[in-house]
Amino acid sequence: MRFLDPIWRERWRSADYVRRQGSLDTRVVFLKKFMKVLSDSGGPLLAGTDSPTIPGLFPGSSIVDDLTLLVDACLTPYQALATATRTPGEFFSKFVRGSDRTGIIATGHRADLVVVRTNPLEDVRRLRKPSGVMFRGHWLSPVELDERLNALAGANERQSR
């Protein structure tokens, strides 16, 4: 929560998701089946549970939860990872004029990588502990990532006072 803008924390308190009664379990079962059918039929899937409008979904870190749920829905880890890499890159290239070429490791594409010590194709949750991040061609070590997160948390704390 300390990384989330105080404005969103306040909005979450009164959000429909928080006040809703009952279980969403039947919807989750349906959505898992639906994702599998879409994937098997060649429908492009884009990861995207990092919307701060939904309580409990934190921009950035919730993407690993999304990928894990896609694997739980019977996608392979490769298919799940593609929803957050290759497929969005293809989408932006096709539909967003002037966007950088992203989503794959290739000459001429923007260098954005999450580097992990062990193979995320074996377990996508390994993305939670990056050895570093390459962002727009600039390397960020784990120490730099922690510094940036701590600076963000500090700014949020000052803003909420």
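User: Is Pro 44 buried or exposed, and what is its relative accessible area?

Analyst: Pro 44 is exposed, at a relative accessible area of 68%. The cut-offs are under 20% for buried, over 50% for exposed, and partly exposed in between, with a 1.4 Å probe and protein chains only.

Two notes on reading come before the rest. The model is predicted, so local features need pLDDT of at least 70 and side-chain atom pairs count only at pLDDT 80 or more, while totals for chains, interfaces and linings use all residues. Residues are numbered from 1 along each chain as its sequence is written, and side-chain values use heavy atoms, leaving out hydrogens and water.

Pro 44 sits in the loop between H3 and H4. Helices (H or I, at least four residues) and strands (E, at least two) are DSSP runs, numbered from the N terminus. Along the chain, Pro 44 and Glu 90 are 46 residues apart; their C-alpha atoms are separated by 9.6 Å.

Helix H3 covers residues 25–40, and its 16 residues should span 22 Å at 1.5 Å a residue. The expected span is 1.5 Å times one less than the number of residues. The end C-alpha atoms of H3 are 23 Å apart, which agrees. Gly 42 follows H3, with a positive phi near 90 degrees.

Nonpolar side chains tend to be buried together in soluble globular proteins.

Take Leu 67 up close. Its contacts are Ala 47, Ala 80, Leu 81, Thr 83, Ala 84, Val 124 and Leu 127, leaving aside neighbours within four places in sequence. Contact means heavy atoms within 4.5 Å.

Between H4 and H5 comes another loop, and Cys 74 lies in it. Cys 74 is exposed, with a relative accessible area of 52%. Its phi is positive, about 85 degrees, although Cys 74 is not a glycine. Most residues other than glycine have a negative phi.

Arg 136 has a positive phi too, about 55 degrees, and it is not a glycine either. Arg 136 is found in the loop between S2 and S3. It is partly exposed, with a relative accessible area of 47%. Arg 136 touches Asp 100, Arg 110, Ala 111 and Asp 112, not counting residues up to four places away in sequence.

Three strands form it, open and antiparallel, in the order S1-S2-S3. Strands pair if DSSP finds at least two bridges between them. Strand S1 (113–115) and strand S3 (138–140) are at the edges with a single partner strand each, so one side of each has no neighbour in the sheet. Three bridges join S1 to strand S2 (residues 132–135). One of the bridge pairs is Val 115 with Gly 132 in S2.
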